[in-house]
Amino acid sequence: GIIAILVPSVEVPFFAELVHHIEEELYKEDFKIMLCNTDKEHNAESEYLDMLNRHIVDGVITGVHSLDVEEYKKINKPIVAFDRYLGENIPLVAVDHKEGGRIAAETLIANGCKRVVHFRGSVAIESPYHDRHYEFARIMKEHHVECYDYELAWNRFDLEYYEEAVKDLFEKIGDWEFDGIFGCDRVAIECMNEVIRRHRKVPRDVKCIAYDGTYITRMVEPSVTAIVQPIESLARESARLICDLVNGKTYTNKRVILNVSLRKGNTTIV
């Protein structure tokens, strides 16, 4: 009666919300959860999967990206993957990241942005979320908008890291003055805060769009325009699929792709 949920860290607001809603959904089906944060130990993910093999849990919902895909293929147990393709027999739940990248790019362009800082996820791992970065960069290039791509470190999610990354960004760009920001919630907000500390106005001088749209984008001032992932729906689908698998249902190449949406805040003008 236990489902393990593997996430990099519940320090990340997105994963905190996702786990909360998955727990709610599984509770309705008489399952409890085992929460597994994998960012502290390099072998944590493999240890949790070993527990699955030893029948300590009935299934796993995984949202981490550290183990090789082949390790998952060795496990003939119920697994649902979040935001990562792990093989044709493991269902995938994700959003249409390409659409999210398109909406973000077109919104910054509509706001007149010509020089944009683009925080990208680490390319050390393969994931559908890279689609948003590829599409964002493609549209910006098509519209002759300069982008400074800053690749974030793999498996770092603590606030101190985002502060370091933004400091490093400003050291690297020097006098290159940008008028737009795009990145996941926490790094976008940290970059916006640094812009404000440097006496530039948001959104007059710099526009900002965050990706995920968690509660923190509405806690800051100005509230942040965001590409919103439907976290409750992602949780519902993940829980439904793992319950199906535990109850003996099989899937082949099952992909549940949900839509994102734009929530306008006060960091963009139009």
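Start by selecting Arg132 and Tyr211: Arg132 lies over the face of Tyr211, 3.9 Å from the ring centre (a charge sits over a ring if NZ of Lys or CZ of Arg is within 6 Å of the ring centre and within 35 degrees of the ring normal). You are looking at a predicted model, where local features need pLDDT of at least 70, side-chain atom pairs count only at pLDDT 80 or more, and totals for chains, interfaces and linings use all residues. Residues are numbered from 1 along each chain as its sequence is written, and side-chain values use heavy atoms, leaving out hydrogens and water.

Next, select Phe136 and Phe182, an aromatic pair that is stacked, with 4.5 Å from centre to centre and 25° between the planes. Rings of Phe, Tyr and Trp (its six-membered ring) pair if their centres lie within 6.5 Å; planes under 30 degrees apart count as stacked, over 60 as edge-to-face and the rest as tilted. Phe136 lies in helix H5 (residues 130-142) and Phe182 in strand E8, so this pair ties together parts 46 residues apart in sequence (helices, H or I, of at least four residues and strands, E, of at least two are DSSP runs, numbered from the N terminus). Phe136 is buried at 0% relative accessibility (buried means under 20% relative accessible area, exposed over 50%, partly exposed in between, with a 1.4 Å probe and protein chains only).

Now jump to Phe14 and Phe15. Their ring centres are 5.5 Å apart and their planes stand at 80°, so the pair is edge-to-face.
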